Amino acid sequence: MRLLTHNYMQSTVKGTENGYPLQIEADKIEYEESPFDPDFVIALIPKIEYKTILFAVQQIAERCSTDLPSEIQLPDLPETIEKDDNSEYDKELLKKLHVVLLDIHVVQGHLVCPGTGRRFKITQGIPNMILHEDEI
């Protein structure tokens with residue numbers, strides 16, 4: 001599961017008032033490089049909840065330090081995303097966002113609803129968000 005995917009997911013368990021953002025309990029993380037397209041990343045920026053990205057990075061940082069090859073580092077992201085004096089985004093920032101959103105994959109673990117504590121299993125990079133009958 002890419003962190004871009006995580007950014008859009010929320011718990012819909014019956015009675016949940018606070019189902020976003022889901023917490024990540026990562027058991028296995030992998031890095032899969034994809035071609036960098038700055039225009040694509042720029043198009044994503046208004047569509048993501050940046051604070052949720054920072055939250056997700058915080059939660060997977062320790063697992064990344066053990067699971068990823070030593071030459072791959074989880075990028076440090078700034079607290080906010082801002083354009084420069086020419087109303088453009090810094091290319092290095094776009095590269096960092098690309099790595100975080102598209103190249104880092106949570107392969108095994110759980111997503112946890114902050115409102116109910118319900119755990120959703122991630123297997124082979126696919127989160128199982130199917131609810132039990134009593135949760136609908």
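Author: Pro 21 lies in the loop between α1 (3–8) and β1; helices here are DSSP runs of H or I with at least four residues, strands are runs of E with at least two, and the numbering starts from the N terminus. This is a predicted model, in which local features need pLDDT of at least 70 and side-chain atom pairs count only at pLDDT 80 or more, while totals for chains, interfaces and linings use all residues. Residues are numbered from 1 along each chain as its sequence is written, and side-chain values use heavy atoms, with hydrogens and water left out.

The peptide bond that leads from Tyr 20 into Pro 21 is cis, its omega being near -5°. Most peptide bonds are trans, and most residues other than glycine have a negative phi.

Buried here means under 20% relative accessible area, exposed means over 50%, and partly exposed covers the range in between, with a 1.4 Å probe and protein chains only.

On one side of the sequence, β3 is joined to strand β2 (residues 104–112), with which it runs antiparallel through four bridges. Two strands are said to pair if DSSP finds at least two bridges between them. Val 112 has Arg 119 of β3 as its bridge partner. Six residues separate the strands in this hairpin of β2 and β3, and Gly 117 there takes a positive phi near 80°.

β3 also pairs with strand β4 (residues 126–127), again in the antiparallel sense, over two bridges. Thr 123 has Ile 126 of β4 as its bridge partner. The hairpin of β3 and β4 has two residues between its strands, and Gln 124 takes a positive phi near 50° in it. That residue is not a glycine, yet its phi is positive. Gln 124 counts as exposed because its relative accessibility is 67%.

In one of them, Arg 119 meets Glu 25, with 2.3 Å from N to O. This pair links distant parts of the chain, Arg 119 in strand β3 and Glu 25 in strand β1 (residues 23–31), 94 residues apart. Arg 119 counts as partly exposed because its relative accessibility is 41%, and Glu 25 is also partly exposed because its relative accessible area is 33%.

A further salt bridge joins the side chains of Glu 135 and Arg 118, at 2.6 Å from N to O. Here too the pair links distant parts of the chain: Glu 135 belongs to the segment after β4 and Arg 118 to the loop between β2 and β3, 17 residues apart. Both Glu 135 and Arg 118 are buried.

Terms used:
Salt bridge = Lys/Arg side-chain N within 4 Å of Asp/Glu carboxyl O.
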